[in-house]
Amino acid sequence: MLPVRKIEKTYTTLEEIRERKEQLATDIQKDNDRFSSLWSQMFVSRKDSSKGEWISSLITNGITAVDTFLLVRKLLKNYGQMFRRKRK
């Protein structure tokens with residue numbers, strides 16, 4: 001996040017306001033370019049993986065899914081009463 005700049009200068013002429021407006025426009029454009037480059041770096045596509053890497057990632061994701069399922073099951077078994085509605 002960019003730091004917030006507080007400006008306490010008072011402007012007395014229209015020329016000063018125009019100069020400040022142009023300066024802000026260039027600052028906004030620089031920030032926009034920076035955000036655009038960071039955004040594009042965030043979503044870099046991966047290289048094509050081989051068959052072995054694909055199978056390895058499939059197994060890893062499967063183990064993670066099973067582990068998550070078992071964890072949720074255990075938590076609901078032990079702490080499920082907190083999430084259930086009380087019957088009248």
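I started with R20, which sits in helix α1. I took helices as DSSP runs of H or I with at least four residues, strands as E runs of at least two, numbered from the N terminus.

I noted that this is a predicted model, where local features need pLDDT of at least 70, side-chain atom pairs count only at pLDDT 80 or more, and totals for chains, interfaces and linings use all residues. Residues are numbered from 1 along each chain as its sequence is written, and side-chain values use heavy atoms, without hydrogens and water.

**R20.** Is R20 buried or exposed? I found R20 buried, yet without a salt bridge. Buried means under 20% relative accessible area, exposed over 50%, partly exposed in between (1.4 Å probe, protein chains only). A salt bridge needs a side-chain nitrogen of Lys or Arg within 4 Å of a carboxyl oxygen of Asp or Glu. The nearest side chain of opposite charge is D27, 4.9 Å away. Lys and Arg count as positive, Asp and Glu as negative; His and the chain ends are not counted.

**E16.** I looked up E16 next, and E16 lies in helix α1, residues 14-42. E16 is partly exposed, with a relative accessible area of 26%. Leaving aside neighbours within four places in sequence, E16 is in contact (heavy atoms within 4.5 Å) with T10 and Y11.

**Whole chain.** I counted two helices and zero strands. Buried residues make up 3% of the 88 residues.

**Helix α2.** I located L71 in helix α2, residues 51-79. L71 belongs to a nonpolar surface patch that also includes V72 and F83.

Methods
Patch = residues over 30% accessible without salt bridge, like charges linked within 9 Å, V, L, I, M, F, W, Y side chains within 5 Å. Areas by Shrake-Rupley, 256 points an atom, 1.4 Å probe, with all protein chains shown as cover.
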